[in-house]
Amino acid sequence: MAKTRIASIKKEVIIGHGLPTVLIGERINPAGKKKMADALRAGNLDIICAEALSQVNAGADIIDIAVGTFGVDEKDLLPKAVQAVMRTVDVPLCFDSAKPEALKTALKVYQGKALINSVNGGAKSLDYVLPLVKEYGAAVIGLTQDEQGIPADPDRRVVIAQKIIERAEGMGIPREEIIIDCLASAVGADQGSGLITLETIRKVKATIGVNITLGASNVSFGMPGRDLINNAFISAAISAGATSLIVDASKAHTAILAMDFILGQDQRARRYTENYRTTHKKKLQ
C-alpha cells in the first residue's frame, strides 16, 4: 500500500493505510463565510491565520487553504495567504484552488512538500495541474470526476481514479503522490450517495491501493444535526479505507481518534487517551 509524505520545514506527515488517519483542516475557505470573504477582499489575512492556529490546536495535521471568492485575485492572494499561515503554524499545507496559475504562485513560495487540492479526470485539469505536481515535487488530491461530472457508479469513479494515476505515472509522478478523493455528496438530496462513496473507497483501496480522502462534511448538507451525521460518516469512511479526511478538526478530531483506536491504528490508544486527558483537563479548568 502506498505511503504519501507531506511536509513543512519542521513537520512531516505520512499518510498511509494502517496508519493514524490524517486530518486536513478545512476551515480556511470563504465559501459561505461572509466575514472571511470580506476580509480577504480587503487583503486582511488575520482571520485565516487565526483559523489555522485554531485548527492545529484542535488536532489538524495539515491545513487546507482556499481563498477563492468574488473580487479576489487568487494568483496574487494565495501565495500571500500561504506565507502568512507558514508564519503562524508549523504543519504542512494544502493549496486549494481550481486555478493552476494560483497554485503555481503558491508552490513557488512554499517551504516544504505541499499537497495540491486538486486535479480531476478531465483533460484540461490533467494537462494543467499534473505538470505542477511534477515540477514542484508536490502530492495531489485526485477527484473522481471528469468532464461529464461525478459518476453515480462506483466502478466509473474507480476508472477515473485509474486514469489520473496512469497519466501521472506516465509523466514520472509516482502513484504514492496521488490521493484519491472518492467524493462525498449530500445524502439528504440522494439517500444512496453515501453508499456509493463508501463502495468507491473500498474499491479504490482494493484495486489501486493508493491513499484516499474525502470532504466529509458534504454528506450532511441541508440536514439538521450535521455534526452527528458527519461523524457517523467519518467512522464509516475510515472503516472502508479512507486514510485522510478534509474536516473541521474541532468537530471531528475525537471521532477520528476513536475510530483509529477501534481499527488498531492507534497503538496502545496513546493518541486517543492523550487527547481525552487534554480535553478533560480543559473542561475542569
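Q: Is Tyr272 buried, partly exposed or exposed?
A: In this predicted model, Tyr272 has a relative accessible area of 27%. Buried means under 20% and exposed means over 50%. Tyr272 therefore counts as partly exposed.

Q: Is the pair of Phe95 and Tyr110 stacked or edge-to-face?
A: The ring centres of Phe95 and Tyr110 are 5.3 Å apart, and their planes stand at 85 degrees. Planes over 60 degrees apart count as edge-to-face. The pair of Phe95 and Tyr110 is therefore edge-to-face.

Q: How many residues apart in sequence are the parts that Phe95 and Tyr110 tie together?
A: Phe95 lies in strand β5, and at 0% relative accessibility it counts as buried. Tyr110 lies in the loop between α4 and β6, and at 9% it counts as buried. The parts tied together by this pair are apart in sequence by 15 residues.

Q: Is the pair of Phe261 and Tyr272 stacked or edge-to-face?
A: Phe261 lies in helix α9 and Tyr272 in helix α10. Their ring centres are 6.2 Å apart, with the planes at 20 degrees. Planes under 30 degrees apart count as stacked. The pair of Phe261 and Tyr272 is therefore stacked.

Q: Where do the buried residues of α1 lie around the axis?
A: The buried residues of helix α1 are Met36, Ala37, Ala39 and Leu40. They cover an arc of only 165 degrees around the axis, which means that they lie on the same side of α1.

Q: Which exposed residues does the face of α1 turned away from its buried side carry?
A: The buried residues of α1 pack against β3, α2 and α3. The face turned away from that buried side carries the exposed residues Lys34 and Lys35.

Q: Is Arg268 buried or exposed?
A: Arg268 lies in the loop between α9 and α10. Its phi is near 60 degrees, a positive value in a residue other than glycine. The relative accessible area of Arg268 is 74%, and over 50% counts as exposed.

Q: Is Ala269 buried or exposed?
A: Ala269 is also found in the loop between α9 and α10, with a positive phi near 55 degrees. The relative accessibility of Ala269 is 9%, so this residue counts as buried.

Terms used:
Residues numbered from 1 in each chain as written. Predicted model: local features only at pLDDT ≥ 70, side-chain atom pairs only at ≥ 80, totals over all residues. Heavy atoms only, no water. Buried < 20%, exposed > 50% of the residue type's maximum accessible area, 1.4 Å probe, protein only. Helix = DSSP H or I, 4+ residues; strand = E, 2+ residues; numbered from the N terminus. Arc of directions from axis to C-beta. Contact = heavy atoms within 4.5 Å. Phe/Tyr/Trp six-rings, centres within 6.5 Å; stacked < 30°, edge-to-face > 60°.
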